[in-house]
Amino acid sequence: MLEVLGLDQPAEALYFILVDNPPLSVEELCRRTGVEPDVAGGALVRLEDGGLISRLPGSPPAYTALPPEHALEVLLLARERDIHRVRALSEQLTERHREARSSRDSTALIQVVTGRDGVARCGQQLFNRAERELRGIDAPPYAQASDGERVSSAAAIAGRSVRSRFLHARDILSLPGALARVEADIASGEEVRFLPEAPMKMIIADDQAALIPLLATPQILDACILVHPSALLDALSTLFESLWEQAQPYMPGKTASVGPGEFINDEERRIISLLAMGMPDEAIARQLGIGYRTVQRRVHALLGRLGAASRFQAGVLAASRGWWRPEPEHGARA
């Protein structure tokens, strides 16, 4: 624990023993902690230099702990001063980096990444380096690492305080297993919205870098452009935010009472959500893993319960009665 103050494990072990006991010799300290004598000698010097212990006269000499509230406070203040100096240096280096970048040749602002492994690795690096927010437009084809695993933004933000927002083309819901992946991403903390069409694939990490395909509609994702801070990156950010405002959230299924005497189950909520997305019955059946005729019967029954004459009217009535209402969005889990 005291490594934050510059103390290694042997020094920490010796210090804790001295705090709990009267003055001890080097031999006694080694016996109680298991620290080797040559290691203990250097650790005791560091503790003494740090003002945490004092060496008592005698033969052999003994060591005693000084009052921790004062000794540790001195070390904390020294470490805080170091942190302030490093933070000031960081600001200076950031400004120097910004100035150097602004004067760079324009070709240095973009980088072409080739090869499936290279693209997958670059995408994963963007996911991992993000400290505040990931944004992206997700559409086929998908990057895969050399081991065949699909590169996942949701997996990258798990357990981190990183907000993740992704747009999907509505037609991906016609792909097998797509709905389950989207709902897993939402469950992991990702915010998801859908567009009628996705203009391009894109990843943006912290407004510091973006990755876009080299070709507008690639069949294989084996060439991308890595965009560094520039007017192009600003334009990509603006494009994303504009599309995000236009896109439609998806509400995953959740069993709940929706009104006095009313109740809809998981499957019905998913059907309503997919109807609101404009999905045909065939696509709904594929995503839910149920028969086409079963979906038709469920949709007909839902329309009857709502008193709706059309799918559009059903969507309006379902929203007004709380049957379909996207949950409040949130950032990634802290």
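**Strands and a helix pair**

Tutor: Serine 54 stands opposite threonine 64 in E3. This is a predicted model, where local features need pLDDT of at least 70, side-chain atom pairs count only at pLDDT 80 or more, and totals for chains, interfaces and linings use all residues. Residues are numbered from 1 along each chain as its sequence is written, and side-chain values use heavy atoms, with hydrogens and water left out.

Student: In what sense do E2 and E3 pair?

Tutor: Antiparallel, over four bridges, with E2 at residues 53-56 and E3 at residues 62-65. Strands pair if DSSP finds at least two bridges between them; strands (E, at least two residues) and helices (H or I, at least four) are DSSP runs, numbered from the N terminus.

Student: How many residues sit between E2 and E3 in the hairpin?

Tutor: Five, and glycine 58 in the turn has a positive phi of about 135°.

Student: Switching to E7: how many of its residues are buried?

Tutor: Five of five, across residues 191-195, where buried means under 20% relative accessible area (1.4 Å probe, protein chains only). Glu191, Arg193 and Leu195 lie on one side of E7, Val192 and Phe194 on the other.

Student: And which strand pairs with E7?

Tutor: E6 (residues 163-169), in the parallel sense over five bridges. Leucine 167 stands opposite arginine 193 in E7.

Student: OK, helices. At what angle do H11 and H12 cross?

Tutor: Roughly 60°, and the axes (lines fitted to C-alpha atoms over the stretch in contact, angles running from 0 to 180 degrees between N-to-C directions) come within 10 Å.

Conventions
Buried < 20%, exposed > 50% of the residue type's maximum accessible area, 1.4 Å probe, protein only.
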